[in-house]
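Subject: Structure handover

Hello,

Here is the structure I promised you.

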Amino acid sequence: VVVDQPTLLDFLGRVGDVGAYWGLYFAQSNATTSFAVNLINYLLQLVVIVGVPFAGFLAAGIGLFIAGHHATPARLGGWLLLVTATAYLLTVCRYPFPLPWVKFIVFDVPLLAVFGGLGLAALAGSRRVPVALRIGVLVATFGYSAAYAFQVDRQLAAGDPRYATTEWIE
């Protein structure tokens, strides 16, 4: 403990002040759109982030997990991920912004990607779907994501001043 420096106990004693400082903007701002509109906007933003094909697998994976049709060794962990992602999404929908901001919703992407993996695994392991169709859908899903990532990377490389600065220095 350093003399005249705040300790953890001092911080915990002032948690209300700290929370008011950091959370006042969200707590006391008036919403610019309704909760339902924000929810739809953020769900659409999630679809844009993960890509339409993978979003379909994500929704299927969540459905399979909730229905219990997909054997998972860690059901409790899956419920924890789903509840956390849902609670975070619902909290973000209360933010007083007229448009969805990627920086607020990107936290949900890795949590929800687990369910996308369940959907992909269900398709890949399905014997009812012909092999050629399974392979085609999987290639299209990952191809779409790879093409989108390449396009965004190319745009960043062309327009990000950090790359231009690095090139100028070299």
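First, a term: axes are lines fitted to C-alpha atoms, for helices over the stretch in contact, and angles run from 0 to 180 degrees between N-to-C directions. Helices are DSSP runs (H or I, at least four residues), numbered from the N terminus. This is a predicted model, in which local features need pLDDT of at least 70 and side-chain atom pairs count only at pLDDT 80 or more, while totals for chains, interfaces and linings use all residues. Residues are numbered from 1 along each chain as its sequence is written, and side-chain values use heavy atoms, with hydrogens and water left out.

**α4 and α5**

The axes of α4 and α5 lie 11 Å apart, at an angle of about 130°. The two helices are therefore oblique to each other (under 35 degrees is roughly parallel, over 145 roughly antiparallel, 65 to 115 roughly perpendicular, the rest oblique). From α4, I62, F65 and I66 meet R75, G78, W79 and L82 of α5; contact means heavy atoms within 4.5 Å. These residues divide into 5 nonpolar, 1 polar and 1 charged. Here Ala, Val, Leu, Ile, Met, Phe, Trp, Tyr, Cys and Pro count as nonpolar, Asp, Glu, Lys and Arg as charged, and the others, Gly among them, as polar.

**α7 and its partners**

α5 also packs on α7: their axes come within 9 Å and cross at roughly 140°. This pair is therefore oblique. On the α5 side, the contact uses G78, L81, L82, T84, A85, Y88 and L89; on the α7 side, D108, L111, L112, V114 and F115. The count is 9 nonpolar, 2 polar and 1 charged.

α3 and α7 cross at roughly 75°, with axes that come within 11 Å. That makes α3 roughly perpendicular to α7. L46, I49 and V50 of α3 touch D108, V109 and L112 of α7. Five of these residues are nonpolar, none is polar and 1 is charged.

**The largest pocket**

A pocket is an open set of points on a 1 Å grid over the protein atoms alone, where a 1.4 Å probe fits, with protein on both sides within 12 Å along at least five of seven lines; lining residues have an atom within 4 Å of a point. The largest one has a volume of about 270 Å³. Its lining has 16 residues, and L43, L46, L58, I62 and L112 are the closest to its centre. α3 (35-50), α4 (52-67), α5 (75-92) and α7 (108-124) each give two or more residues to the lining. By class, the lining has 14 nonpolar, 1 polar and 1 charged residues.

Best wishes

Terms used. Grid points are joined across faces, edges and corners, and a volume is the space filled by probe spheres set on the points.
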